[in-house]
Amino acid sequence: MTTLLNVAAIGKAFGGNRVLESVSFSLQQGEILGLLGPNGSGKSTLLNTISGFTAIDSGTITMGEQRIDNLPTHRIIEAGIARTFQLPMMPEKMTVLEVIMAAGTRHHGLWNGLLSLSSGRRAEQEDRARAQQLLETLLLTRVKDLPAAALSGGQKKLLGIACAMMGNPSILMLDEPMAGVHPQLRQELVETLVSLSQQGISLLVIEHDMHFINTLCQRCIVLDRGKIVASCRPDELAENQQVLEAYLGQGTHRLREAV
């Protein structure tokens, strides 16, 4: 398998608080990797470092042969890494379709529009077709003309995924994509993410829903106090003593029952 992302011994501290300590893992092409851990274990900070929102203190992050930990966020996006956020914020005066279309201009629409009117129109047509496809895939077609800020929490999560996918990334990182999503949409979301994996897109997924993790992920890494304490298949989590100790007092019995 082809390694798309390699995280090597990265560390991050905020003052005297060490949030990540010598974290190392790789992500293969088409792999769906779950990122688990108790609250405060460093999961979101890890996504922030990979996507360029937070600078690392030590270690390296490479995508293919390119080192990306020294790049600004927009360059990391251009390299093929997209992400969603745990609590997505949406503009109040833009419709769902407009928000998705705006995500497309980052790559070509605005720039080509400045260079050439005809190429700008062509890029807009391509973006609109891509946006319509994503609206249908993520079951947002019926709300495409509503203000994005008026959506439910779960629909905002789906819209965040649609925006991330507008750039055709090779790596998609999702921060709690199931939180707030209606139960009837969950299976459709799983099928959509599996389809992306089958197309060769790699996924790194933070999630507390163990049924979702079991259904979706091929492998999991577990963080505890900024360190990786396990890397295994989802069905091995319940018997991993380090994982159980990490969740002690924070859902150990629920973890056993879920997996």
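Helix α5 buries G154, Q155, K156, K157, L158, L159, G160, I161, A162, C163, A164 and M165. That is 12 of its 13 residues, so the helix is mostly covered under the 20% accessibility cut-off. The model is predicted.

**Helix α5**
- The helix spans residues 153-165.
- From first C-alpha to last, α5 reaches 19 Å, close to the 18 Å expected at 1.5 Å a residue.

- R219 belongs to strand β9, which covers residues 219-224.
- R219 counts as partly exposed because its relative accessibility is 21%, and buried means under 20%.
- The side chain of R219 makes a polar contact with the side chain of E31 at 2.7 Å.
- R219 and E31 are 188 residues apart along the chain, yet 8.2 Å separates their C-alpha atoms.
- A polar atom of the R219 side chain also lies 2.7 Å from the backbone oxygen of S26.
- Beyond its neighbours within four places in sequence, R219 is in contact with residues including I32, L33, G34, S231, C232, R233 and P234.

**The open sheet**
- Four strands line up in the order β2-β1-β4-β5, with antiparallel pairing.
- The edges are β2 (17-28) and β5 (66-67), each pairing on one side only.
- Helix α1 (residues 43-51) packs on the sheet and touches β1 (3-14), β2 and β4.
- The direction of α1 makes about 65° with that of β2.
- Strand β4 (residues 58-63) is joined to β5 by two bridges.
- T62 has R67, in β5, as its bridge partner.

Technical notes
Residues are numbered from 1 along each chain as its sequence is written. This is a predicted model: local features need pLDDT of at least 70, side-chain atom pairs count only at pLDDT 80 or more; totals for chains, interfaces and linings use all residues. Side-chain values use heavy atoms; hydrogens and water are left out. The expected span of a helix is 1.5 Å times one less than its number of residues. Buried means under 20% relative accessible area, exposed over 50%, partly exposed in between (1.4 Å probe, protein chains only). Contact means heavy atoms within 4.5 Å. A polar contact is a pair of N or O atoms within 3.5 Å; within protein, one must be able to donate a hydrogen and the other to accept it, and residues adjacent in sequence count only if both atoms are side-chain atoms. Two strands pair if DSSP finds at least two bridges between them. Axes are lines fitted to C-alpha atoms, for helices over the stretch in contact, and angles run from 0 to 180 degrees between N-to-C directions.
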